[in-house]
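Here are a few notes to read alongside the model. Have the sequence and the 3D view open as you go.

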Amino acid sequence: MTLSGNAPAIIAKGGFSGLFPDSSGSAYSFALIASSPATTLWCDVRLTKDSIGICLPDLKLDNCTNIQSFYPEGSKDYVVNGVATSGWFPVDYNSTELSQVSLQQAIYTRTNLFDYSLFAIFRVEDIESQFKSPAIWLNVQHDMFYTQHNLSMRNYIIAISKRVVISYISSPEVSFLTSIAARVSSKTKLVFRFLDATIAEPSTNQTYGSLLKNLTFIKTFASGILVPKNYIWPVTSDNYLQPSTSVVTDAHKAGLEIYAADFANDNSFSYNYSYDPLAEYLNFIDNGIFSVDGVVSDFPITPSEAVGCFSSLNKSSLDHGKPVIISHYGASGDYPDCTDLAYQKAVDDGADVIDCPVQVTEDRIPICMSSINLMDDTTVSLSNFSSLSSVIRELQSGPGIFTFNLTWAEIKTLQPMISAPESIYHLQRNPRYKNAGNFMKLSDFLAFAKGKDLSGVLITVENAAFMAQKLGFSVTDAVIHTLSDAGYNNQTTLQVMIQSSNSSVLVKFKQQTKYNLVYLIDESINDATPSSLADIKKFADAVAIDKKSVFPENQKFITAQTNLVSHLQNAGLSVYAYVLRNEFVSQAWDFLSDPTVQINSYVQGAGVDGVITDFVATARRYKRNLCMNMGNNTPNYMGPVQPGGLFQLIAAPAQPPALPPMPILTDSDVVEPPLPNATLARAPSSQPAGAVRAATSIFMLIAAAICAALLLV
């Protein structure tokens with residue numbers, strides 16, 4: 001639905017600037033390797049003192065280069081478009097002086113380890129000669145500033161366009177574009193760039209917002225417009241999508257192409273996208289109503305995926321089987337863990353298996369709750385039960401209010417609390433619904449799953465020995481009885497999977513049931529001994545392993561790929577990787593802040609059988625992508641990452657020190673004594689806070705007995 005009918009253009013801003021320093025050699029070359037072969041390379045043109053055009057992401061050299069190491073006294077004060085600005089400016093240095101200066105990462109949330117490669121600053125003509133880009137986009141700003149310094153950006157652009165094939169020239173200045181319109185090739189598209197709607201365009205003194213209402217005027221000197229993405233899909237003050245504007249259709253009606261800017265996988269974007277940048281791109285190019293004509297991105301691999309493999313998908317698109325998608329506490333990336341809303345969204349988003357981690361209440365009801373500590377996933381700390389906090393060292397070192405401290409009726413009065421595994425980075429999940437939903441008993445969960453489009457349910461059992469010894473409760477028996485009562489022993493539609501990190505739990509289930517059993521290895525390991533694999537095979541059908549056990553990391557760079565997956569599969573065990581999340585800070589740099597790259601690497605690269613994820617929708621869409629099973633014709637952007645590939649690109653002075661090897665799983669890690677029998681409940685060590693309330697209940701029972709005795713007398 002572009003103006004031309006062609007696929008949307010993919011413009012790599014400064015190359016692959018989401019990983020390497022903007023406009024560096026590695027950024028430009030990696031963009032062409034990792035993205036669509038038709039990717040356009042973007043260069044922000046700046047002029048030096050001797051009128052040489054260079055590619056630099058900012059008007060100033062301060063943050064994007066190491067200029068201060070060579071010219072520490074070089075800071076100047078200038079007025080730029082009416083704003084007093086201080087810093088190091090290219091106009092104060094000739095190209096020879098800048099030849100010793102190198103580029104560096106200007107965005108401090110991105111890795112700076114590639115800065116040690118000392119990337120040179122490129123001239124504009126170098127982009128064509130060194131990288132053989134299929135298309136070049138020159139972005140030109142601050143023409144008046146250069147004029148004040150006796151430099152002519154107009155003359156430079158006209159001259160360079162005669163030596164280099166330029167596909168696009170953009171500028172936010174009307175006077176500049178009109179001055180070159182008749183002097184550049186007719187094959188070069190002139191694009192008017194809109195800045196923030198409230199800013200005044202310098203040559204007309206009209207705001208960009210007002211110019212947007214006069215697209216027929218823009219059409220007199222440009223063939224397209226470039227707008228911030230929020231011009232198209234605005235967001236509310238709390239970062240949720242508003243209805244789309246008409247700017248795309250208005251531009252197309254005026255005969256203008258429209259390009260969207262400001263895309264970055266590691267930038268904040270609407271909560272509606274669930275931290276999935278691919279979902280955002282698809283909303284601009286494949287929403288069924290309109291499509292932009294191109295996107296400008298710091299991470300061009302992701303729009304390449306969107307255009308090449310994920311456009312025009314729907315729920316009826318062919319599902320390619322692998323990987324099995326197992327929810328992690330339901331769709332916990334969007335709603336509080338283990339609530340009805342999280343489970344419903346997991347089903348709607350296409351989970352194959354939904355999961356219930358079983359805990360027990362004071363009145364011995366098995367419930368679905370992501371943690372035995374209610375402080376982790378409810379608002380219990382703000383409730384009347386806050387005084388029940390205690391430390392039970394068999395469970396955790398810190399204080400908690402545990403599920404067995406409260407009755408089911410009391411737990412139902414608590415509000416859920418959405419998980420925030422990356423809160424230290426100030427990344428929150430779906431804040432409008434952070435306390436939404438209702439918790440479920442295990443029996444409710446099993447009833448809910450029946451009749452849904454699922455292949456199975458996974459029930460996680462932990463702390464079984466503690467419950468048996470300290471609470472006098474057999475959680476294994478409770479699960480078996482609840483499954484039986486729910487009719488799961490008399491059906492074959494839904495597979496029942498039992499997961500535990502304790503072999504003793506799985507051994508008991510194997511003795512009493514025919515369920516599919518999953519052994520959870522709750523530490524990162526490098527491999528497993530043959531004898532430990534043989535032990536696991538005696539009681540399990542599958543193994544869930546930490547994702548770092550597949551791709552070990554050092555300072556968030558993947559260093560290698562272990563043989564663990566193949567060794568487990570050769571032992572006859574299915575392998576599930578956990579926990580895959582969309583937040584970019586949860587991923588290794590190698591996955592390029594793209595959860596689809598992450599999933600693809602675990603499935604196509606490591607060969608896992610399934611993924612356990614907080615974000616089911618991302619995994620389900622991956623299973624429907626159009627580039628599956630293409631063999632040697634698979635595009636580069638849909639290939640798995642090369643383990644250790646980025647790590648090797650780090651210059652020697654910046655190489656992180658080697659980490660000690662991860663442990664190898666042995667027999668002693670696997671084999672456990674049998675589960676203890678459930679005995680008469682006794683107080684756990686460090687008496688649980690519920691003891692005060694329990695004592696009161698006993699006192700009332702004694703009082704009632706005395707009253708009854710008196711009545712009999």
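The points below cover one lysine and then the aromatic rings.

1. First, the ground rules: this is a predicted model, where local features need pLDDT of at least 70, side-chain atom pairs count only at pLDDT 80 or more, and totals for chains, interfaces and linings use all residues. Residues are numbered from 1 along each chain as its sequence is written, and side-chain values use heavy atoms, with hydrogens and water left out.

2. Take a look at K76, which sits in strand β4 (residues 76-80); strands are DSSP runs of E, at least two residues, and helices are runs of H or I, at least four, numbered from the N terminus. Leaving aside residues up to four places away in sequence, K76 touches T85, S86, G87, F89 and D92 (contact means heavy atoms within 4.5 Å).

3. How many aromatic pairs does the structure hold? There are 36, counting Phe, Tyr and Trp rings (six-membered ring for Trp) with centres within 6.5 Å; planes under 30 degrees apart are stacked, over 60 edge-to-face, the rest tilted. One of them is F89 with F145, a tilted pair at 5.7 Å centre to centre and 40° between the planes. This pair joins the loop between β5 (83-87) and α3 (95-98) to helix α5 (residues 143-148), 56 residues apart.

4. F16, F20, F30, F114, F299, F557 and W589 make up one aromatic cluster. K556 lies over the face of W589, 4.7 Å from the ring centre (the cut-offs: NZ of Lys or CZ of Arg within 6 Å of the ring centre and within 35 degrees of the ring normal). R621 likewise lies over the face of F310, at 5.7 Å from the ring centre.
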